[in-house]
Structure formats: C-alpha cells, structure tokens
Amino acid sequence: MTSSRVPRSSDAASSPRSGPGASGRPAGYPSGGSGGPAGYPTGGTGRPAGYPSGGSGRPAGYPTSASAPGATPTAAFRRLRTALALSGLGHWLTLPALTAMGFAAATDTSFAGRARAVEIVLLLWLLPVLLLPGAAAALAARLDRRSTLLTADALRAVLILSVPMADLLISSLRPLIWTSVATVLVSFLGVLWGAAASSSARALAWPGASAPDDAAPTRTATPARPAAQAFNGYGTGPGAGPGAQGGRGDGAATRAYETDDGRTRADLRVPDAAVDEADANIAVRRIARTVFGVAPVAALVFVLTSLISAELLKQADRVHLALYVAAVIFALSAIVTSVAGGLPGADGPVPDAPVALFRRLGPSGIRGLRFAVAASALPVGAVLAIARVHTQALDGGDPGYGMILCALAVGLAAGLFAGPRVLAPFSRRRLFGLSSIASALLLAVIALSLNLVVVVFVAGFLGVAAGIAWSSAEAVVHNPLRVRTGTALALVVAAIAVPLAAGAIGERHAGRDFPGSSAALLITAVIALVAGLIAYRLLDERTGIPLIPDIAAALRGEVYVPPSAAPTTPAAPRRTHERGVFIVFEGGEGAGKTTQSRLAAIWLREHGYEVVTTREPGATKTGMRLRALLLDKESTGLSPRAETLLYAADRADHVANVIRPALDRGAIVVSDRYVDSALAYQGYGRQQPVEEIAALNDWGTGGLVPDLTVLLELPPEKGLNRLSSPADRIESEPREFHERVLAGFRALAEADPDRYLVLDAGRPESEIRREIQDRIREMLPDPIPASAEDATSTFPAITDA
Ligand SMILES: Nc1ncnc2c1ncn2[C@@H]1O[C@H](COP(=O)(O)OP(=O)(O)O)[C@@H](O)[C@H]1O
Ligand SMILES: Cc1cn([C@H]2C[C@H](O)[C@@H](COP(=O)(O)OP(=O)(O)O)O2)c(=O)[nH]c1=O
C-alpha cells in the first residue's frame, strides 16, 4: 500500500499514501466501536513511588525483584530485617495459636459455642488492627524506635506465655477470658510494633527524614542516584544521608540529555526528596514483604507444634506448645533487636487518623469496585473465621487448621506476586472481576468438599485467586488504601457472620453429614459469587469483546483486537502531504530508535536528500517545555487524560512548525516517535480508549500519517537495561505498563501491516540498519545504486552517529 516515493510535482498525485479511512479516523489505528480496547481502566498509573529498583544502570524506580543485584541492604538494615522476620514469625504463629486456644478453652463446648469462642478471639485480634493503626503510629512516632520494638516483643512474649500458664495454674480463671484479654493486648502491641518497624525502615533508608532540623536532604549532583543506593551507602546514623553527600542544594538532581544537534541540555529535574521518599518506600515494602513472607512458615510451625502436642504429648485439646514456641520466638526477636543498633530518632510518617478509615470507604468513582472487593475478601475471611471449627468437623483438628492457613498464606503470596505478571496485556478490570468470581467459586468447592486434603489444596487456590484480585485492584484504583480498607472491612464482616451462621445451623445439618461450617461457607460463596458477577459486569469496560479470544491473545502477549476493528481493506488513500516523505521510528524505551533514525538520516543525506531529523516530545520551543513537564518525575499525579493532551499538544506544534513545513519543501522527515507512541503509551499503557486518542491526534495533526513506521521491538527489561541515564517519569512505570505498550505497538502494526516495518531490535545495529535501508529504498524516487549500498558500511558519518 505504501509504495510512496519522494514525489515530484508531476507525479505527486499518483503517490499513494495511507491516510484516514472512510470513517475519518487515521487508517491503521484501531477504529472505534467495539474495536479498540475501549474502556481499559486508567489504572496502572499512579503507582506509588518507590518501586523496588535495581542498582547499576537500571533506571531508578523501575521494578525489579527484591533481591536485585546492587540493592544490598546495609548491615543495620539486615539486622533489623532479621529481628522483624523473627517477630513476624511469632506474630503469625500467635494468631492461629490464640484462636485455637479460644476453640480449646470455650466454656460452651457445643459446635456453636466453639465457633463463637474462636470468633471472639479473632475479632479481638482484628479490632486493634483496624481501629488503632493511627493511634499506634502517633505513639510510635514519639517513642524511641528500638525501645518500642524491644518492649513490644518482650511484652508479647510475656503475655503469650501467660495464656497457657493461666490455663494450667489458675483454675478459678475461665481460660477464655484471659485468652481474650491477652489477644487484644498482643494485637495492639503488634500494631504498635508494626508502626515502629516501618518507621525504622524509613529511617534506615532515609536518615534525613528523622532529622527535623535538616530540611529535605538535597543534592545538586548529576545524575540522580538509583533508589537502591540507599541500601548501600546510607543508614548508620545522622550525617550519613544524602544530605551529607551533596551538601544543601536546590532540592533537585538535574537530568541531562542530549539534543538532536548533539548539545547537552539539562532540563529534567528530579527532586532529591522524591528519590529519598522512593528509597524509604522501598525499605518499607521490603520490611512488609519480610513480615508477611514468614506467615506460611509460621503456619507450618503451628502444624508441627500441634502434631507434636497431639502425637507425643497426647494433648490434642491444648495448643500450649505453639504458644510457648511463639513466646520464645518473641524473646529471641527482642534479643536481636537489642543488639541491632542503628535505629536513630523517632518521627515516623504522619499518622493516619482513625477516621481516615471511614473516609476511605467513600465513593471511589469506580463502578463495581466494592462488589469486587467484597467478592474476593469474603471468601478469605470466611475460611479464616471458620477453619478451626470446620477442621474439627472434618477430623483435622489443629494440624488441619494450620494446613489450611498455610495453604491460604502461600496462595495469597503467590497470587500477589503473580498478579501484576499474569496476562500482562489483559485488562486489569477484567482480571479483577474474573479473579473475584474465581474466589467465590473456589469457596463453594471448599464448602462442598468434606475431604480435608481437598479443602487444603483448594484453600491454596483461593489464596492465589484473592491475591491476583487484590493486586489487580491496586492497578485499577489509584489509592490502594481504599482497597485495603474495603478488604479489611469485608474480612471482619465474614469473621462476624460466618461463625454465627455456622453455629446457628449446627454441627450436623438436617441430620446429614454436612456441617454447619460447610453450609455457612456455601452461603458466603453464593453471596460472593453474586457480588463477583455484578462486579465483573460493572467493572468491565471492554463490553462486546469476547472473553476467550481476549484471554487467548493475552496469553500470547498481545492485546486482542476484534476482526471488525482491523481494517479489512486498505483504507482509501488520502494525500496527507504533497511532496516529502515521512518516516517514523517507534518502539519502547531503549529499543534503538534514536540510533537507527540517525543512521537512516545520515544514509539518506549521503544520497543527496534533504533530511530533517526530529523527535517527540520536545522538538519545538513550546515542545521543550511540554517535554520537561511530561518527563519530569516531579509531575506526580498528572492525570492520564492531561498527559494525553499534553503529548497531543506537543505533537500538534511539532507537525505545524517542523514536520509539515519540511514535507512541503519536499524533505524527508525522520521522526523519533509520533502518534503511535501516544496510542501505545497513553492508550494501551495507561489503558485509555485507543480510538479516542487516535481521533484526538488525528485532529491535532490534521490527519498526517507517516508513510513508513519502523517499529523496533524489544522486551521492556532489555530496553530499560540499555539506558544509562536515570529513569524519567514514563520509564519509571512498572514493567507491566511497558509490556502493555509493547503489546499495543504490535496490535497497531498488525492492524496496518503495509505501513509498518517491524524489526527485532535485539539484533545487532548493523543488521537492523540494513533492513531499514532496504525498506526505505523502495520508497525513494531513484533506486540507490548497488555501489552506493556497498559504500554505506564505510560512511564516516555513520560511525559518529
Ligand atoms: N541493536 C542494538 N543492540 C545493542 N544496543 C543497542 C542497539 N541499538 C541501540 N543500542 C544502544 O541502546 C541504547 C539506547 O539506544 P537508543 O537509540 O537511544 O534507544 P531509544 O531512542 O529507542 O530509547 C544506546 O546506548 C544504544 O547505543
Ligand atoms: C511521543 C510520546 C512519548 N511518550 C513517552 C515515551 C517515552 O518514555 C517518553 C519520551 O522520552 P524519550 O527520552 O524521548 O524516550 P526515548 O528515547 O525512548 O524515545 O515519552 C508517550 O508516552 N507518549 C507519546 O505520545
């Protein structure tokens, strides 16, 4: 279709061009209707700063695994982490141990009585977790961090020890009463400890934060350091922070980049405070991962201790051993904390007032969110609340209870980890809806299966589904706290309702072997399923796009574009420019666009053509300002629509002032990025309707479509690894974002194959260059003689490109 050549005025009219189709939309861009990924959620943006980032050469803020090379924690941080891992182990062991103690110590030993006893202990555990984090953070901020951690651990050890002691020694005390009192105190100490732990992590990553006299740590050095550096160099005391390194500056590191004419321009300012804040967030995430990561181990320890109690000590009805072990673990943690050192000052993050909890439950503006949160959280809450009673009905006892908790914890961890990675090009809204429905269905399987082994396995899968749902939710909603609060509330509702329902139904329902716990789980599953189905309908904005092909395409790493959306016949050619040739290089970060566009320009110039090399964003004076706005990490919270409009504004100015004048002169314009970048990044990446962005850009550019688009394809991690400068705002987006961008570029190229030259950008530069030259040659007026082609490899100009 695009057999365009540099037209002479005499043959200009016969020079076919791709252009907007009959619909008035640019040909080759997925058209409207059900075609494009209409209604993709605008999620995926607004990730909190502070994604774990690797060290050398890796753009700051780009997500890598926690164990990224170069991100070596300091010794103080490691010691803190060991202490916190121990404490976390104790914490997660205490929860099943105390609830199981509640079960064992129930005064009313009927099915309903035991269910109620477990419920009371669980709710007393949840109460401080839900209501007191604000108060705990405020308290922790005033106290010395090390003393707080140490005291919280020591007190927890004593309290936990007191539960079996009271049971054994004080016969007049009803054991359930003391278990309940101890539970609420232990839980509050856990919340206080959590506040001190995260503020300690922040302090180690960002000592400046704990030194109120020393305002935001600043540095003027360039470039900004990778975030992970916080774990290498800083953190053993005041004065060791970034402020000490660079002195007081203007609070921003300057990012330099090279302009087309080879000059270095410094226009991007990455504020130090943002980098340090990111460090602190990374540290807090690491701590959170450590503390939550030990939960499955704790559940296994619980299984072991209860097996030993039952088999060796013949005390199947008591969970004293688990409590003793938990107390010992807390005592060990206190010892490690006492030798840890390096936890200066106080002043944690501004505490969240308790009322914020309820404010966060206000309308989110996302239809179906509450249903999805309920559908995914109710099943988990139901299992947690009823598992101990249920395993009794299934003859599994405490070990069975531990197995279910362990499977659930492992599943949740796997789901949360895999969530952002599964089906990267697939709509997160759809995934959220689907995984919520899956959670409900899996709960129904648990309810109907009276085999403990099956229940344990399915509980693992339930964990995976809920984990995927929660991680998708965080991509859909800009404020993850909203999801977490909703989830916590749903857990509590389940924790209250399910044991009550189970108790009301009774141990043997209707004289059959279907315990009340199963019936209660089944009712919850039905409610969750209804909520999940409603959520899917409300959340899904890809209506009309069939699910199966959508999933199949996502499995292949592509975004599904229904056949109706892809142009079936070549669009009616429309002359967008009279004389010149317009070539665009597209692709992800570090794919080699700049390199190859320069090589192509040099090659063309060598053959006597007037070539204008340009790029987006930032080719004009106004564009430079827009570029600074768009790529500066300081532009936090820029809404996806505003971002789209700013890129479109830059492009409109670019076309009007650079591209069109050059094409009108008959020049060859070679641009590093153009409209397809907006469709791929703002459309597929930000999950906004692609056809609307195409229409906006069609208007902005007056319908100017390239004659050739060279798409350089490279897996995002490879491209980002090639970059040496610190990541800008877009480069810092998480990997899933960049994967969606790549999938988007592919979908665009597939929809209009004639306009594209798609190349694997992982190959050597020279191979790519040759293929590009071959393709461009077809478009030029006079075939380049073979001799000239041979000479290309020795062009002196090429070597300095
Ligand atoms: N084919 C290639 N193989 C390996 N490295 C490459 C290749 N093409 C470019 N590079 C290198 O990758 C980095 C990014 O290239 P660049 O052209 O600036 O990418 P982009 O403009 O797409 O971001 C540069 O250091 C460049 O030298
Ligand atoms: C032109 C354009 C660029 N972008 C993004 C892609 C890049 O991350 C950034 C441009 O930055 P730049 O440093 O020019 O990136 P590259 O060297 O990879 O071309 O802007 C959009 O998101 N939308 C657009 O329309």
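Hi everyone, let me start at ligand 2: helix 22 gives the most to its shell, with four residues. Helices here are DSSP runs of H or I with at least four residues, strands are E runs of at least two, and both are numbered from the N terminus. This is a predicted model, where local features need pLDDT of at least 70, side-chain atom pairs count only at pLDDT 80 or more, and totals for chains, interfaces and linings use all residues. Residues are numbered from 1 along each chain as its sequence is written, while chains are lettered from A and ligands numbered from 1 in the order in which they are written.

Staying with ligand 2, helix 22 spans 675-685, and both this helix and helix 19 supply at least two residues of the shell. Of the 15 residues around ligand 2, the nearest are Glu616, Ser677, Ala678, Tyr681 and Ile730; being near means a C-beta atom, placed from the backbone, within 6 Å. By class, that shell holds six nonpolar, three polar and six charged residues. Nonpolar covers Ala, Val, Leu, Ile, Met, Phe, Trp, Tyr, Cys and Pro, charged covers Asp, Glu, Lys and Arg, and the others, Gly among them, are polar.

Now over to ligand 1. Gly592, Lys593, Thr594, Thr595 and Arg722 come nearest of its 13 residues. Helix 19 (593-606) and helix 26 (765-779) each supply at least two, and helix 19 gives the most, with three. This shell has four nonpolar, five polar and four charged residues.

And finally, the whole chain, which has 28 helices and seven strands. Thanks, all!
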